[in-house]
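Subject: Structure handover

Hello,

My notes on it follow below.

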Amino acid sequence: MKITGIGVEVVSKPKAHAVRDALQLLDRDGHTKVVIETDEGITGVSDTYFGRVASSPAVLAAIITDQLAPAIVGDDPTLIRQVRQKLWRLTDYQGSTGLSLFGISAIDLALWDLLGKSLEVPVWKLLGAQRTSIPTYAMVGWLELDVPGLEAVSTKAMEQGFRGVKMKVGGGPLSEDISRIKAVRAVIGPDAPLMVDANQAFSYSEALRRGRAYSDLGCEWFEEPLPAADTESHIRLADKLDIPIATGENRYGQAQFRDLITGGGVGVVQPDLRRAGGLTDCLEIGLMAAGFGIPYASHGGGAHIHVLAALPNTIYVESGLLPPDGRVELVDGCYPLPLEPGLSSWSH
Ligand SMILES: [Mg+2]
């Protein structure tokens with residue numbers, strides 16, 4: 001089988017409901033869709049969410065169309081790691097991380113989709129799965145919500161069968177975080193997991209001060225306490241806090257996870273499909289973490305669920321509230337795995 005062409009489509013529009021974390025307002029809904037075509041008529045598809053600014057999907061599309069796609073037309077689409085190596089070398093001049101890696105990841109995911117479709121199995125079955133459903137929690141506690149709004153979404157999440165909820169922190173002083181956490185805890189009960197996410201907002205000393213408070217409140221993990229690239233501070237912080245530090249969604253490629261893991265700076269590893277390098281790199285990062293006894297929880301869901309099915313150290317898939325059309329139901333706080341060939345899944 002040979003790749004004969006790669007089509008790219010973009011969508012960019014305002015979000016129906018803008019959300020806010022400690023770092024940014026997310027008010028755009030942008031997607032870059034990749035379709036890889038072959039001489040056997042089988043196609044592979046990926047859909048990359050990239051809604052930071054209006055032109056984001058088109059910028060990513062230009063990298064894929066002008067630089068990455070021409071280099072792999074004619075290649076065997078089943079040699080996914082060989083394609084990865086070629087694209088990393090091709091993009092070395094401008095840097096193979098950042099937006100280059102968004103593009104490489106989009107192609108990687110479309111190739112896995114193609115492989116699954118060509119063999120007529122869901123991708124998780126190709127990976128040697130360990131489980132057939134994935135425990136999940138709902139990321140619903142955005143900062144634009146006031147306390148009654150937080151209570152309402154947390155109630156809804158528990159009614160939908162999620163095991164627990166995650167909420168943003170760092171939008172104001174620690175006292176505000178504490179009152180918001182207590183309000184959510186009162187809704188979900190004493191035993192449901194409650195995670196907090198600072199989206200890189202704090203300095204080392206502030207992260208230490210707040211982390212102790214979140215720990216005392218029984219929070220499950222403290223996500224992105226510090227700027228993502230500061231590995232040394234993560235290692236120092238993890239040494240001082242009892243609460244596990246969760247991070248990884250803003251790290252690019254597996255090399256950026258190595259020192260964090262070997263140094264003990266992460267208690268829950270959380271790669272993002274787009275930034276880590278697609279399914280291939282998320283799988284390899286997950287296995288690296290497994291070797292050090294570190295749990296894996298995805299950043300986002302969608303196609304990530306195939307990786308989570310395979311890894312021995314999976315603890316959660318991240319999700320928003322369930323879609324209102326009722327097409328997905330949780331069973332015992334878990335998402336079922338998709339049964340269609342390829343990467344088809346329950347959300348993006
Ligand atoms: Mg996060």
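A salt bridge here is a side-chain nitrogen of Lys or Arg within 4 Å of a carboxyl oxygen of Asp or Glu. By that rule, three salt bridges cross the interface of domain 1 and domain 2.

Ground rules before the rest. This is a predicted model, where local features need pLDDT of at least 70 and side-chain atom pairs count only at pLDDT 80 or more, while totals for chains, interfaces and linings use all residues. Residues are numbered from 1 along each chain as its sequence is written, and side-chain values use heavy atoms, with hydrogens and water left out.

**Domains**

Domain 1 covers 3-119 and domain 2 covers 124-336; the bounds come from an automatic or database domain assignment. Their C-alpha centres are 24 Å apart. Contact (heavy atoms within 4.5 Å) involves 25 residues of domain 1 and 28 residues of domain 2.

The buried area between the two domains is about 2100 Å². That is the accessible area (1.4 Å probe) that two parts lose on being put together, summed over both. Carbon and sulfur atoms give 64% of it. On the domain 1 side, Arg20, Ala22 and Trp112 lose the most area, together 25% of what that side buries.

The interface also has 15 residue pairs in polar contact, both residues at pLDDT 80 or more. A polar contact is a pair of N or O atoms within 3.5 Å; within protein, one must be able to donate a hydrogen and the other to accept it, and residues adjacent in sequence count only if both atoms are side-chain atoms.

Which element gives the most to the side of domain 1 that touches domain 2? Helix 3, with ten residues. Helices (H or I, at least four residues) and strands (E, at least two) are DSSP runs, numbered from the N terminus.

**Salt bridges**

The structure holds 16 in total. Lysine 86 pairs with aspartate 75, with the closest N and O atoms 2.8 Å apart. Lysine 86 sits in helix 2, and aspartate 75 in the loop between helix 1 (56-72) and helix 2. Arginine 81 and glutamate 284 form another, at 2.6 Å, N to O.

**Metal site**

Asp197 (OD), Glu223 (OE) and Glu249 (OE) coordinate the magnesium ion at 2.0 to 2.3 Å. Donors are N, O and S atoms within 2.8 Å of the metal (3.2 Å for Na, K and Ca); water is not among the atoms, so sites may look incomplete. The donor spacing is D-x25-E-x25-E along the chain.

Best regards
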